[in-house]
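Me: Could you walk me through this two-chain structure, a few questions at a time? Here it is.

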Amino acid sequence: MDFISFLGDNLATFWTYTAFANITLGHVLMILVGLTFIYLAIAKEFEPMLLIPIGFGILIGNIPFKDAGLQLGIYEEGSVLNILYQGVTSGWYPPLIFLGIGAMTDFSALISNPKLMMIGAAAQFGIFGAYVLALAIGFEPNQAGAIGIIGGADGPTAIFLSSKLAPNLMGAIAISAYSYMALVPVIQPPIMRLLTSKKERVIRMKPPRVVSQTEKILFPIFGLLLTCFLVPSGLPLLGMLFFGNLLKESGVTRRLAETARGPLIDTITILLGVTVGASTQATQFLTWDSIKIFGLGALSFIIATTAGILFVKLFNLFLKKDNRINPLIGNSGVSAVPDSARISQVVGLEYDPTNYLLMHAMGPNVAGVIGSAVAAGILLGFLG
Amino acid sequence: MMKQKIKLGLLFLLIIVCNVQAQRTTALRINEVLVINEDNFVDDYGKRFPWVEIYNSSPGTVNIAGCFLTDDINNPKKYMVPKGDVLTRIRPRQHALFWADNIPTRGTFHLNFELNPKKPNFIALFDSDGTSLIDSVTVPAGQRADISYGLIEDGWNQERLNEALRLNENYKNKYGDQLWIYWEKVTPSSNNKILDTNEKIENFKINDGVGIGMTMTAMGVVFAGLIILYLIFKSIGNIAVSLSHQRVMKASGVTKEQARNITDQSGDVYAAIAIAIYEATELHDEENTILTIKNTARNYSPWNSKIYTLREIPKR
């Protein structure tokens, strides 16, 4: 009898440790969110490289457990997940991702037609539009700055800035940024159609000229010196972005460039995605602030896309007829490389099956990366 | 030649190492001093003595071991901070506290001199060479009990204070214009000025509650940065195109206009030309790819030669 009750007690204790005994409605909701991310990634192929790690991370982070000091959760100091999460909280994953992005980005389209940089700058209105709105609904200026960066459509930048300005909101900001980046094919096309006429959608742009290797080498050097002299607080992101690009374009560091754009960025993407996903523990994540952040994130993407397109239309008023820009590439000023450029191409082909806008859209797209990193630097400098 | 290069390399390395070392120890500042300790901080032995706080103003850890603290300018090596104690490594923007109790046998942080409340107290920190003065302060006579004499902001010097006064008109009204002030809120091993709020954020809330100022400024900077980058690459592009024209003119002997027509072609035109050349010169004729078992018309062919199918006998 004693033996039976001994076993019974042990089983009862074991039960209190299981997830079944500790689950709450919040956990169920978050698990459903994680499953939705995984579904979107696999069935719809929306940013699978991001949504699969994040979605699975959400599942990992929302397995409920008894807080018995077993060092399991991501917020428990010294746990494995917590150690991996240090790269996010200390902000060193994003610069490494930028190194890889630099090593895989071809800036030729931008160099051959540098005026496209202006579109990348205009799209940053999304960041500051969201900043103004966040202030209006009661967020502190530093929190508003961290939320606004969602409009930069750049996950690593959003994580980097929010880890510095509003660490308590980082999980919601990162998830919001990555979610809307994945939803770019849903958000942007209606705005593009709404703001452009049929005539504008079929504008054919001059093919880009061939860019010499010297120009490609000079770009990261001048880019770094100029942007970082102007905004030194953008150094971690811009420094690594341009460094990665020099590795690619120098032609003599092929192995380093291949590592940066291959195994290194893949490793960091996995760690970043899983830990950001796991940081959305229901107890920490399900708050009104998170819901507000999701709303503001959507608005910031809409503002950024609108600003990019309207800016091109305005810009065209000052350009010669044969130099005009197709406003369908205005949306690609929001970073989300290369998805937003691909949207320009797809929507453009709907109206003229022989008008290929992809190369042209890559210009503002990569300018958007630079622009959002500069904007992040400014916000950090002002509010950090 | 090789030796010279090595020497130059070593010299360069030495300069860097020395410079780094110098930069690090010079980041130390005498930050706060309490001369009369009646009801204040106690040391590890439970005793109250005057103390001197040193602050590391750099973003890297600095080891104060080997440096000298003194109350006599003519005897700069009066107290050497002992080497080999891990606690002498001061972390970035952190503090170390020395007890002016004249009992150095009590440990690394106990000085071999005291502070005299009846007269001005000169305190200096010298580098490990014993001659380079890092920082010094003269604490005026007539100190009150349990009120410290410290820098207005951790690690500041006169230059930094002047800058703050120049940039912020309200600074003088709020905090005064003296580098060293009396602190009723004594802060041993902690920051002199404890902030209850983030001043930057508060300023934004007061002066730019809507966020228009931030938007205008930040967008201005983003546009300025990218416009300058545009102008630079517009110029570089023009130079590159011009050089390309010159190369074509030199190589083909054509006029500038013709050269422009050749070089201004886009990448897809070059791709089409390359494919055409490849097809014209590199591709084989279309071949009959039908397999057959018919005998060849020729009497001899390596394919049916028995000699080729036999294994050769190894030669000795």
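Predicted model: local features only at pLDDT ≥ 70, side-chain atom pairs only at ≥ 80, totals over all residues.

Me: Thanks! Into which domains is chain B divided, and how many Å separate their centres?
Reply: Residues are numbered from 1 along each chain as its sequence is written, and chains are lettered from A and ligands numbered from 1 in the order in which they are written. Chain B is divided into domain 1 (21–196) and domain 2 (198–284), with bounds that come from an automatic or database domain assignment. Taken over C-alpha atoms, the centres of these two domains are separated by 55 Å.

Me: How many helices and strands does chain B have, and what percentage of its residues is buried?
Reply: Helices (H or I, at least four residues) and strands (E, at least two) are DSSP runs, numbered from the N terminus; chain B has eight helices and eleven strands. A residue is buried if 20 or more other C-beta atoms lie within 10 Å of its own, exposed if 12 or fewer, and partly exposed in between, with C-beta atoms placed from the backbone. Of the 316 residues in chain B, the buried share is 21%.

Me: Which strands pair with β2(B), and which residues are the bridge partners of Val52(B)?
Reply: Two strands pair if DSSP finds at least two bridges between them. Strand β2 (residues 51–56) of chain B pairs with β1 (residues 28–34) of chain B in the antiparallel sense over six bridges, and five bridges join β2(B) to β7 (residues 95–99) of chain B, also antiparallel. The bridge partners of Val52(B) are Val33(B) and Phe98(B).

Me: Which residues of β2(B) point each way?
Reply: In a regular strand the side chains alternate between the two faces of the sheet. Six of the six residues of β2(B) are buried. Trp51(B), Glu53(B) and Tyr55(B) point one way, and the other way point Val52(B), Ile54(B) and Asn56(B).

Me: Where do the pairings of β10(B) lead, and which residue stands opposite Leu151(B)?
Reply: β1(B) and β10 (residues 148–151) of chain B pair in the antiparallel sense over two bridges, with Glu32(B) opposite Gly150(B). β10(B) also pairs with β11 (residues 180–183) of chain B, antiparallel over four bridges. In β11(B), the residue opposite Leu151(B) is Trp180(B).

Me: Over to chain A: why do the buried residues of α3(A) line one face?
Reply: The buried residues of α3(A) are Met30(A), Val33(A), Gly34(A), Phe37(A) and Ala41(A). They line one face because, seen down the helix axis, they fall within an arc of 95 degrees, taken from the directions from the axis to the C-beta atoms. The face turned away from this buried side carries the exposed residues Leu25(A), Leu32(A) and Ala43(A).

Me: How many residues of each chain are in contact, and which helix supplies the largest share of the side of chain A that touches chain B?
Reply: Two residues are in contact if their C-beta atoms, placed from the backbone, lie within 7 Å; 40 residues of chain A are in contact with 30 residues of chain B. Helices that each supply at least two residues to the chain A side include α9 (125–136) and α21 (358–383) of chain A. The largest share, nine residues, comes from α15(A).
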